[in-house]
Amino acid sequence: MSDQQTNRTDGESRQLDAVVIGAGFAGLCALYKLREDMGMKVRVYETGDGVGGTWYWNRYPGARCDSESFYYCFSFSDELAQEWEWSGKYPEQPEIERYLNHVADRFDLRRDIQLSTSVTRAEFDDAANLWDVYTEVGERVRARFLVTAVGCLSAANLPDIPGRDSFAGELFHTARWPREGVDFKGKRVGLIGTGSTGIQATPEIAAEADRLTVFQRTPNFTVPARHAPFKPEDQARIKQNYAAIFDRTRKSPAGFPYFPIDRKTMDVSDEERMEILDGLWQEGGFKFLWGGFNDLPTDLQAIEIVSEYIRDRIREIVKDPETAELLCPNDHPYGSKRPPIDTDYYVTFNRDNVSLVDIKKSPIQEITPTGLRTADAEHEFDLLVFATGFDAMTGSLLRIDIRGSEGVRLSDAWAEGPRTLLGLQVAGFPNMFTITGPGSPSVLVNMPVAIEHHVEWIVDCIQHMQDNGKTRIEASEAAQDSWVEHVAEVSQYSLMGKSNSWYVGANIPGKPRVVMPYTGGQPMYRERCQAVVDAGYEGFEFGA
Ligand code: N01
């Protein structure tokens, strides 16, 4: 790649208004707003050789958005919303990557994006109230503000299984999928992991490979997506209603243009409940979780009824009773982990070339040059796929050596788990804003909606600083303590803390167990953010 393509200016030290790390949804939005609304000099650094973030890296077979296309997009430009044509309900990875490239071109963002460049270190200079940002190519830039747009699910988790590097075949992590694709034809494939990613990839790989063995540690509840292409009249209806759609996404609990129905699971008769669940199962998507009853996130009895409904569907679809039982989750209630959405997942286990291995019962002991060995069997493969997820929410920040005021390292400040004020700032790290940081609803909200809210808050805050002649902003320790306490308290009302998921860091050995996203819902969170602003940025300290 030429320097022209990467916008790289090695060795040069420049002063900018803001450095943004990452060119996915968050980084593109931040660049657009900081430049257009504030006239700031901004540079975005991006590790990949293209824009897209999550939608650049996760190009594994079957990668498809679980939120519906027409609201999983930016709302900041009506022209953009009117001109872009989504092909259907749940867009596949290439379509979303195309959309983000279109955004980069349409708003002339590329001239301020430096691709193929990882930020390795950032240090705050207390005397100047500036950040020094270092890249892997030895470049240093100074900037008033550091805006992290690194994504909540971008630090791939490649488990350190003994012998992993001895495997003589091809080995891929789904979040680092090669651009040229992977040829499964005639190959024996092993796939580790049955989260949203493994569930999306399994049917696609099974259709192509000679043989697929899925290694499952924890079964997952998944609901059919029921993807369908849009008809021209769907497109027209959406475009006519975009203002109202985007307005609802900002007001609803999870950033969807729908509100939970005012009905509890036990309010209706058994027959009526069954009818409602059947309808939701046929309709598909996330609506299964919130479109029928409003007590699912909290009421264990209600969740057990719905969980059993899904288990019954698994038993109905999967022909081999032993495999069906193995696929039925029993260790966590539906919705306490991020619910996957699938296309033909369970039915794939009826194929002759697919088998399921229970690695809870018989754990993987080592990876060998020819495959892998579990406690009771040896498996041979040509190709191994790790669908083993991410060091979520904190991993992508902690993989950068970030040092705040007086050289304090973020990794030390977060040694016992992430601490933020509103998920937007960290005490001791002045002038650093964390888009969709831990302690904000982020992953529990339709991401573009959460991102736009954060970017708007940050832009308003910087405007406030400019209006008042301030060059430094920092969350106070006391305000941060009280927010962290509030996040923890609210999480008691959610079942999230009770399951072993990436929401609590349970998937990464040694990671402190903390419910990382704010579980109070988007409306309450937005109210809190606005109240802070209305009270003159209460909890934040400013310096000249
Ligand atoms: O990751 P996961 P993911 N040995 O952590 C297993 C979003 N997403 O990439 O459950 C053996 O959910 C692990 O087992 P267990 C979405 O928010 C969105 O699937 O820990 N197995 C689990 O089965 C999602 O929630 C979309 O026991 C190991 C799997 O690997 C998030 O990304 C699509 C292991 C990891 O599941 C993450 O999903 C896809 C080990 N050492 C993802 N380590 C769309 O909307 C882990 N596992 C398109």
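## Helix α6 and its cover

The buried residues of helix α6 are covered by elements that include β8, β9, β11 (341–342), α13 (345–348), β12 and β16. This is a predicted model: local features need pLDDT of at least 70, side-chain atom pairs count only at pLDDT 80 or more, and totals for chains, interfaces and linings use all residues. Residues are numbered from 1 along each chain as its sequence is written, and side-chain values use heavy atoms, with hydrogens and water left out. Helices (H or I, at least four residues) and strands (E, at least two) are DSSP runs, numbered from the N terminus.

Which residues of α6 are buried? They are T197, G198, I199, Q200, A201, T202, P203, I205 and A206. Buried means under 20% relative accessible area, exposed over 50%, and partly exposed in between (1.4 Å probe, protein chains only). The helix also bends by about 30° at T202. The bend at a residue is the angle between axes fitted to the seven residues ending there and the seven starting there. A proline, P203, follows within four residues.

## The five-stranded sheet

An open sheet of five strands runs in the order β7-β16-β8-β9-β12. Its pairing is parallel. Two strands pair if DSSP finds at least two bridges between them. At the edges stand β7 (170–173) and β12 (354–358). Each has a single partner strand, so one side of each is left without a neighbour in the sheet. Neighbouring strands are turned by 20° against each other on average, direction ignored. Axes here are lines fitted to C-alpha atoms, for helices over the stretch in contact, and angles run from 0 to 180 degrees between N-to-C directions.

Strand β9 (residues 211–216) pairs with β12 in the parallel sense, over five bridges. L212 stands opposite V354 in β12. Helix α6 (residues 196–208) packs on this sheet. It touches β8 (188–192), β9, β12 and β16 (383–386). Contact means heavy atoms within 4.5 Å. The direction of α6 makes about 170° with that of β8.

## The three-stranded sheet

Three strands form an open sheet in the order β13-β14-β15, and here the pairing is antiparallel. The edge strands are β13 (364–368) and β15 (378–380), each pairing on one side only. The twist averages 20° from one strand to the next.

β13 and β14 (residues 371–374) pair in the antiparallel sense over four bridges. E366 stands opposite R373 in β14.

## Aromatic pairs

How many aromatic pairs does the structure hold? There are 39. Rings of Phe, Tyr and Trp (its six-membered ring) pair if their centres lie within 6.5 Å; planes under 30 degrees apart count as stacked, over 60 as edge-to-face and the rest as tilted. W457 and F540 form a tilted pair, with 5.5 Å centre to centre and 45° between the planes. This pair links distant parts of the chain: W457 is in helix α16 (residues 447–467), F540 in strand β20 (residues 540–543), 83 residues apart. W457 is buried, with a relative accessible area of 5%. F540 is buried too, at 7%.

W483 and Y518 form another tilted pair, 5.0 Å centre to centre with 35° between the planes. Again the pair links distant parts of the chain. W483 lies in helix α17, and Y518 in the loop between α17 and α18 (522–534), 35 residues apart. Both W483 and Y518 are buried. Elsewhere, F25, Y32, W55, Y72, F74, F76, W84, W86, Y99 and F107 form one aromatic cluster.

## Charges over rings

A charge sits over a ring if NZ of Lys or CZ of Arg is within 6 Å of the ring centre and within 35 degrees of the ring normal. The charged end of R59 sits over the ring of Y56, 5.1 Å from its centre. K287 lies over the face of Y258, at 5.8 Å from the ring centre.

## Single residues

Q480 is found in helix α17 (residues 477–491). Is Q480 buried or exposed? It counts as buried because its relative accessibility is 4%. Leaving aside neighbours within four places in sequence, Q480 is in contact with R419, T420, L421, Q425, V426 and A427.

D108 is in the loop between α5 (93–106) and β3 (113–114). It is partly exposed, with a relative accessible area of 40%. S442 is in the loop between β18 (432–434) and α16. At 1% relative accessibility, S442 counts as buried.
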